[in-house]
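Biologist: I have a structure open and would like to learn how to read it. Could you walk me through the features one by one?

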Amino acid sequence: MKTAPILVAGLILGSFAVGGVGLVAMTHELTDTRIAANKREAMLTKLKAIVPSGRVANDPLADRIEVSDPGLLGGAQTEVFRVRDQDDQPVAAILQPVVPDGYAGPIRLLVSVLHDGSLGGVRVLEHHETPGLGDKIDEKKDDWIVEQFNGKSLGDPPPEQWQVKRDGGVFDQFTGATITPRSVVRAVKNTLLYVRRAGDALYAPTQVAEPEAAPQAPAATPVEAAPAQARSAYARNQGAG
Ligand SMILES: Cc1cc2nc3c(=O)[nH]c(=O)nc-3n(C[C@H](O)[C@H](O)[C@H](O)COP(=O)(O)O)c2cc1C
């Protein structure tokens, strides 16, 4: 039996298999990197649309903390991106609260609260509301979310008017679909209440460890990784001090 040609053929086949697997792995890696970069770009575009133009001098995606107030923010943990200007002054805190009681399930929001307490804007990140009814909260379907909230604050309108018009407030509802806008208005108001309670600590810069500082044990939870002032705000919100 001629073993040499069989061996050579085996080696050639083997090298093709190894090369093929390597190529697939490399393509997968490159695609993952591209997808992550695209997602990051898309999020940055969304953030920049809800802060005053030209006032974003930092990377808000890197300047982020996590806070927790399920009662007001709708989830166990809530991400907060902070926006700063050229003078490193706080411009906005952009929170990602969850509307727990959408018509068809939770709705994820992006809520920009400027440093003066007014809203820079609100956007929907994810929802399951009914097409043609509750999905008008999506900026791609309707201007409702772009037009209703900009510039509003807890003082304008007064707290009792933070409701849809049908309930005596100032916010438009949708024809035949009041549940969705009612829930979104309540969640945005709750986010403003949270920000007022957290105060300036929410806008404080993330503390960066000095290079020569002794290494510290990693924080147990993202909330503990928040700046000291934000941690104390968090503790206050939890009634712990
Ligand atoms: C199939 C179906 C889907 C609906 N989807 C929504 C929705 O996404 N959001 C919403 O607020 N109401 C939705 N509604 C209507 C609500 O059941 C409810 O009637 C309405 O929100 C009350 O508002 P109205 O008092 O203005 O009619 C839906 C109703 C049906 C039958």
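Modeller: Let's begin with confidence. This is a predicted model, with a mean pLDDT of 87 for the protein, and 85% of its residues reach 70 or more.

Biologist: Where does pLDDT stay under 50?

Modeller: Look at residues 217-241, where pLDDT stays under 50. For that stretch the model has 39 contacts beyond four places in sequence.

Biologist: How do I read the overall layout? How many helices and strands are there?

Modeller: The protein has 5 helices and 6 strands. Starting at the N terminus, their order is α-β-α-β-β-β-β-β-α-α-α. For contacts with a separation of 6 or more, 50% join residues 24 or more positions apart.

Biologist: Next, the interior. What share of the residues is buried?

Modeller: Of the 241 residues in the protein, 29% are buried. The largest nonpolar core has 42 residues, and Ala 93, Ile 94 and Val 113 have the most contacts inside it. Among the elements giving two or more residues to this core are strand S3 (90-95), strand S5 (107-114) and helix H4 (179-198). H4 gives the most, with 8 residues.

Biologist: Which residues does Val 113 touch?

Modeller: Leaving out residues up to four places away in sequence, Val 113 touches Ala 92, Ala 93, Leu 95, Leu 119, Gly 120, Thr 191, Leu 192 and Val 195.

Biologist: And how should I read a helix such as H4?

Modeller: The general idea first: an α-helix has 3.6 residues a turn, so residues three or four places apart point the same way. In this case, H4 has 20 residues and reaches 29 Å from its first C-alpha to its last, close to the 28 Å expected at 1.5 Å a residue. After H4 comes Gly 199, with a positive phi near 70°.

Biologist: What about the ligand? Which residues are around it?

Modeller: The residues around the ligand include Tyr 103, Glu 129, Leu 133, Gln 173 and Ile 179. By type, the shell divides into 5 nonpolar, 6 polar and 1 charged.

Biologist: Why does Ile 179 count as partly exposed?

Modeller: Count its C-beta neighbours: a residue needs 20 or more within 10 Å to be buried, and 12 or fewer make it exposed. Ile 179 has 17 inside 10 Å, so it counts as partly exposed. Ile 179 lies in helix H4. From Val 164 it is 15 residues away in sequence and 9.7 Å away in space, C-alpha to C-alpha.

How values were computed:
Residues numbered from 1 in each chain as written. Predicted model: local features only at pLDDT ≥ 70, side-chain atom pairs only at ≥ 80, totals over all residues. Near = placed C-beta within 6 Å. Nonpolar A, V, L, I, M, F, W, Y, C, P; charged D, E, K, R; others polar. Helix = DSSP H or I, 4+ residues; strand = E, 2+ residues; numbered from the N terminus. Contact = placed C-beta atoms within 7 Å. Core = buried A, V, L, I, M, F, W, Y, C linked by C-beta atoms within 7 Å. Expected span 1.5 Å × (residues − 1). pLDDT = per-residue confidence, 0-100.
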